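Dear colleague,

Please find below the structure for your files. My notes on it follow directly after.

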Amino acid sequence: MGYVEMWVEIYAAVILVYMFAEDIIQKRMGILKHASFLNLQLSAIIMVVSDIFHHLLYRYEMPENSGVKPSDIAIIVCFIAYYMTLFFFIVYVRKYIGQYRNVPRYYTIASLVVCIVFTILWILSVINGILFKIEDGYMVPGPLYALGQLGGYFIVILVVVMIKRYGEGISRQNMTVIISFSLCPIIGVVVRSIFKIQSVVVLLFSLTMVLMHIIIDLENGERVRRQEAIIADDRIRIMISQVQPHFLFNALNSIYVLCEKDPKQAQEAVGDFSEYLRANLESLETSRLISLKDEMEHVDTYLKLEKMRFQEQLMIEKGEVLEEIRIPALSLQPIVENAVRHGIGHKKDGGTVSIGSYATEDEYVVYVKDDGVGFEPESVDDKGQDEQEEILSDDGGRQRRHVGIKNVRERLRLMCDGSLNIISSPGNGCEAYITIPR
């Protein structure tokens, strides 16, 4: 073996060892049958390292030495590791396909028998030369050399049959790598006979192991992204399920107040609210983004109910509603509710709530402003702590603020990379800005 070939093989060994150590430390192959892949990697490492030692030892041995030499022991270890690699490859493929379909155990049993038989044949050939002999560092075919190749061919056939019968769920990338790995023995024999590259099989196995490792990393990354998306979707659904009862409770509470003050208006409010629920139930339950126009319908229904309660003490100013803006369902209504109940509702003479939207070069902005009592910024956790804190009102009583702010912030972040900023001070009202990238 030439120096260039030897150094390429050493480089391959270093890469394989690094990948093996990294996988053990991070334990990231678990979902793809961690143990079987580690066994495959380890046997490939032993194969590469023993082949390197064989060629190194052969260079410094005396030709007249008889019997089994250190280089012979190294090549025996290489043959053992070679067929171990083929066997563990079958085990890995079976377990990988087993994620999608049940593969009979007799595939691994058959491969184990074949690998043991041919390992023995190649080991014996070191002594009797029946399959090969080493001359000047090169492998020269023996009288039954073709017989020795049947083990590798059998493994190829076994893999093809497994994939043909049970491999519907394998991705195209993995299918390519698996087929390439199984063809290494055949390709290696052809290339070695034409170009006299002694370690071509070992190098092909090493290259395919690297490709397999990359594909597994990509699949694991994609799997993690899918899991994160599922988790995020579940969190959104949970948060929306928390908002809906809250909205329903406050709407019904407004109707309850009207029942005592103005039964006729309460009856109208019940009719409006029933129609709202019937027409917008699907929108309330969605975990997808909806248009700002649709969200304003929820807000208008809420404000209509609150207007019946507060009468002239509650004034509404509506700015432009940009139809291209899309936001999470029920993300604007809790902010408006805070403005009405805890801003205007605690101001003796009432006040005005302004709602609108506008666009800048880089983002959309939806605003809710009120000229109510305001509050100290420290009284509401600007990071979004989802607790209803009690703070002193102007008349010395207690008031509750901050309804679902963390909920709104979290859904804006998860669903549209948006944010919610609140600006306020005692006696100067409150301004809330929803910002969404364009």
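The count of salt bridges comes to 5, where a salt bridge is a side-chain nitrogen of Lys or Arg within 4 Å of a carboxyl oxygen of Asp or Glu. Please note that this is a predicted model, in which local features need pLDDT of at least 70 and side-chain atom pairs count only at pLDDT 80 or more, whereas totals for chains, interfaces and linings use all residues. Residues are numbered from 1 along each chain as its sequence is written, and side-chain values use heavy atoms, with hydrogens and water left out.

Salt bridges

One of the salt bridges joins R341 to E306, with an N to O distance of 3.3 Å. This pair links distant parts of the chain, since R341 lies in helix α11 (residues 333–344) and E306 in helix α10 (residues 292–310), 35 residues apart. Helices here are DSSP runs of H or I with at least four residues, numbered from the N terminus. R341 is buried at a relative accessible area of 13%, and E306 is likewise buried, at 0%. The term buried means under 20% relative accessible area, exposed means over 50%, and partly exposed lies in between (1.4 Å probe, protein chains only).

R341 also meets E337 in a salt bridge, at 3.9 Å from N to O. Both of these residues belong to helix α11 and stand 4 residues apart, about one turn of the helix. E337 and R341 are both buried.

In helix α12 (residues 405–416), R413 forms a salt bridge with E410, and their closest N and O atoms are 2.8 Å apart. The two are separated by about one helical turn, because they are 3 residues apart in the helix. R413 is partly exposed, with a relative accessible area of 43%, while E410 counts as buried at 16%. Salt bridges that share partners join E306, E337 and R341 into one network.

As background, an α-helix has 3.6 residues a turn, so residues three or four places apart point the same way.

Helix α6

Helix α6 covers residues 150–166, and its 17 residues should span 24 Å at 1.5 Å a residue. The expected span is 1.5 Å times one less than the number of residues. The end C-alpha atoms of α6 are 24 Å apart, which agrees with that expectation. The buried residues of α6 are G151, G152, I155, V156, L158, V159, M162, I163 and Y166. They lie on the same side of α6, because they cover an arc of only 160 degrees around the axis; the arc is that of the directions from the helix axis to the C-beta atoms. On the other side of α6, I157 and K164 are exposed.

Surface patch

L42, I46, V68, I73, V77 and I127 form a nonpolar patch on the surface, with about 510 Å² of accessible area together. Helices α2 (34–59) and α3 (70–97) are the elements that give two or more residues to this patch. Patch members have over 30% relative accessible area and no salt bridge, and nonpolar side chains (Val, Leu, Ile, Met, Phe, Trp, Tyr) are joined within 5 Å. Areas come from the Shrake-Rupley method with a 1.4 Å probe, and for residues only the protein chains shown count as cover.

T108 is found in helix α4 (residues 106–128) and counts as buried, at 9% relative accessibility. The side chain of T108 reaches the backbone oxygen of R105 at 2.7 Å.

With kind regards

Notes: Patch = residues over 30% accessible without salt bridge, like charges linked within 9 Å, V, L, I, M, F, W, Y side chains within 5 Å. Polar contact = N/O pair within 3.5 Å; in protein donor to acceptor, adjacent residues only side chain to side chain.
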